[in-house]
Amino acid sequence: MRLLLFDAILCLLLLTLALASILSRQLAHAVILYIAFGLMMALAWARLAAPDLALAEAAIGAGLTGALCFSALAHQQPQLKPDVLNWPKRLWPAVFVLLMLGGVLAALLQLPPSASQLIAVTQAGIGNSGVSHPVTAVLLNFRSWDTLLELVVLLLALLGARQVAPEVKPATSWPLSLGWSRLLAPMVILLAGYLLWAGASQPGGAFQAGALLAAGAVVLRLNQQLSWLSWSNFWIRLLIVSGVLVFVLMALLAILLTPGNTDVVWLRWPPHLAAGIILLVELFATLAIALTLTLLVAGEPASTGAEHGCGEGA
Amino acid sequence: MTDLSSQLLLYIGTAAGLFGIGLYGFIVGPQTLRRILALNIIGAGIFMLMVVLAYRGLAEEAALTLTDPVLHALILTGLVVAVSATAFALALLTRLNQAKSAQCKPDQLRHGQEPEQ
């Protein structure tokens, strides 16, 4: 009963924060409220027995998305007069949304309360998967197509964003923020390494570790550290592509190592090698995810050459 | 009408509510950045519904100690895809703003010159 009260307050808070973020007059307020919403969402997922998602959401949903929105805000011209919509323009969408909401709720309330069959299927196959944490087994063994294509999507997003990226405004940092970020860096690396290793048997894994590393790197980059971390660095480019590359190479290797080549299935690991393959793929996926997210959020470092003419004048 | 427990009902209602709030913001929100935020809120609602679907066995049967790992893996993939889509959308938005402000300056110059001619 007491937990139900906690759930009710959490749900109410989530709805209020989302509504406030949508209705707030100023964009900066909307972004701040969205970050708070993301943190509460992580709490809700911890309540719903999804610690993997809570870890990822706290780093990605709240942290990185918030940083992205703030950097987009910094590029926008400040709006002097907030747009005020008249009543019909607010009313008709509200009526439409309420009708949709009624339909969605009517459909959702007919859901059967029983658990899905997939739990039993996963449990049956987990012995041959090379890891003992079911979510990692699904991500990197049973449904590794998803993960491979996700890495491709991440790469495409970075390439796309690079095509349209504006030049970064050189910002300044203050000493306290710089000192804290330097203190934070080793802990972030340690925690990310732990999350990556723990992913085999506990909640954790490549995504959480990558997102955490990216968050740490973004904080350092916002303080003008890590100037070597840029797209123009060959090794960084290689590591970003290596997430997809190692995955594909491992898939080819797995096909070669399948005894007898009788039933060759793309992205199926041989059971005795699965643990090593998954660890290798996860390691490079972590580095690729971390670097890609960092470059997506922080962009290229404002180089000293730009100040002397070529980029600034145009 | 329904066999779901009150906790599940609460979270399903919240998921649907988040979807509705996001949809409203997406239709109404005058600025593009707010529309992108609203899309993220719609996504959060849908992810929450999937988490509840993965959780529902746990709430009903005490014997079951596992949630559905397939749905959790799908959401984890979805989270990363959502943040990359958001990053790309925001990069496009920033570029759009730059193009607009660059277009404004020549326009203002031209308007300034017209009365003299």
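This is a predicted model: local features need pLDDT of at least 70, side-chain atom pairs count only at pLDDT 80 or more; totals for chains, interfaces and linings use all residues.
Me: What makes the phi of Ala49(A) worth a look?

Reply: Most residues other than glycine have a negative phi. Ala49(A) isn't a glycine, yet its phi is positive, about 60°.

Me: Which loop holds Gln224(A), and what is its phi?

Reply: Gln224(A) belongs to the loop between α9 (206-222) and α10 (234-257) of chain A. Its phi is positive, about 60°, and again the residue is not a glycine.

Me: How do you know that Gln224(A) is partly exposed?

Reply: Gln224(A) has 15 other C-beta atoms within 10 Å. The cut-offs are 20 or more for buried and 12 or fewer for exposed, so 15 puts Gln224(A) in between.

Me: What makes a residue part of the contact of chains A and B, and how many residues does each chain give?

Reply: The C-beta atoms of two residues have to lie within 7 Å. The contact takes 73 residues from chain A and 69 from chain B.

Me: Which helix of chain B gives the most to the side that touches chain A?

Reply: That's α3(B), with 25 residues. On that side of chain B, α1 (6-28), α2 (32-60) and α3 (69-113) each supply at least two residues. By class, it has 43 nonpolar, 20 polar and six charged residues.

Key: Residues are numbered from 1 along each chain as its sequence is written. Chains are lettered from A and ligands numbered from 1 in the order in which they are written. Helices (H or I, at least four residues) and strands (E, at least two) are DSSP runs, numbered from the N terminus. Ala, Val, Leu, Ile, Met, Phe, Trp, Tyr, Cys and Pro count as nonpolar, Asp, Glu, Lys and Arg as charged, and the others, Gly among them, as polar.
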